[in-house]
Every structure is written in C-alpha cells, then in structure tokens.
Amino acid sequence: PRTMELKVIDFNIAAPNGQKPPHLRGKRAGNPNYRSANQKANGPAEHGDDVHTIGVVLAILRDAANNR
C-alpha cells in the first residue's frame with residue numbers, strides 16, 4: 001500500500017496583533033493565490049484570513065487526492 005507523509009513547515013511569517021516580523025516589514029509574504037480578499041486589499045489581519053487560507057489548502061489537498 002502507498003503511504004503519505006505529512007510535513008509541517010513554519011515559514012516564520014506570523015506575528016501578533018497584525019504586526020509583521022522585522023524581516024518582513026515593508027514586504028508581502030506568502031502566495032497571492034492563497035490570500036483572502038481582505039489581504040489582497042491590504043486590510044488588517046483578521047482571523048477570517050486564516051480560515052480562508054486553510055480552506056484553500058484543504059481544497060488543493062482534496063483535489064490532489066482525487067487526481068492520483
């Protein structure tokens with residue numbers, strides 16, 4: 001049987017209270033295709049942005065599983 005391995009990666013782009021880590025100030029982090037509408041409009045970070053991104057990632061994983 002085929003097995004799959006899950007890897008969790010920390011890209012060090014999260015910060016509290018909508019602040020950016022020092023190495024990212026003045027820059028945009030992450031893939032634009034995964035950003036919520038709020039993030040694309042340069043709005044403040046909100047919890048819904050994380051929910052949107054997780055939904056995108058889960059949809060991609062689902063599609064990958066269905067196409068193998």
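## Chat about a predicted model

User: How much space lies in the second largest pocket?

Analyst: About 170 Å³. Keep in mind that this is a predicted model.

User: Which residues line that second largest pocket?

Analyst: The lining is made up of Met4, Glu5, Leu6, Leu61, Ala64, Ala65 and Arg68.

User: And by class, what does the lining of the second largest pocket have?

Analyst: Five of the lining residues are nonpolar and two are charged.

User: New topic. Where does aspartate 49 lie?

Analyst: In helix α2, which covers residues 47-66.

User: Why does aspartate 49 count as buried?

Analyst: Its relative accessibility is 4%. Buried means under 20%, so aspartate 49 counts as buried.

User: What does the side chain of aspartate 49 join to in a polar contact?

Analyst: The side chain of serine 36. That polar contact is 2.6 Å.

User: Leaving aside neighbours within four places in sequence, which residues is aspartate 49 in contact with?

Analyst: Ser36, Asn38, Gln39 and Pro44.

User: Now the whole chain. How many helices and strands are there?

Analyst: Two helices and zero strands.

User: What percentage of the chain do buried residues make up?

Analyst: 7% of the 68 residues. Aspartate 49 counts as buried, at 4% relative accessibility.

User: What does the accessible surface of the chain come to?

Analyst: About 6,100 Å². Carbon and sulfur atoms account for 57% of that surface.

User: Last one. Among contacts with a separation of 6 or more, what share comes from residues 24 or more positions apart?

Analyst: Such pairs account for 12% of those contacts in the chain.

Technical notes: Residues are numbered from 1 along each chain as its sequence is written. This is a predicted model: local features need pLDDT of at least 70, side-chain atom pairs count only at pLDDT 80 or more; totals for chains, interfaces and linings use all residues. Side-chain values use heavy atoms; hydrogens and water are left out. Helices (H or I, at least four residues) and strands (E, at least two) are DSSP runs, numbered from the N terminus. Buried means under 20% relative accessible area, exposed over 50%, partly exposed in between (1.4 Å probe, protein chains only). A polar contact is a pair of N or O atoms within 3.5 Å; within protein, one must be able to donate a hydrogen and the other to accept it, and residues adjacent in sequence count only if both atoms are side-chain atoms. Contact means heavy atoms within 4.5 Å. On a 1 Å grid over the protein atoms alone, a cavity is a set of points where a 1.4 Å probe fits but cannot get out, and a pocket is an open set with protein on both sides within 12 Å along at least five of seven lines; lining residues have an atom within 4 Å of a point. Grid points are joined across faces, edges and corners, and a volume is the space filled by probe spheres set on the points. Ala, Val, Leu, Ile, Met, Phe, Trp, Tyr, Cys and Pro count as nonpolar, Asp, Glu, Lys and Arg as charged, and the others, Gly among them, as polar. Accessible areas come from the Shrake-Rupley method with a 1.4 Å probe; for residues, only the protein chains shown count as cover.
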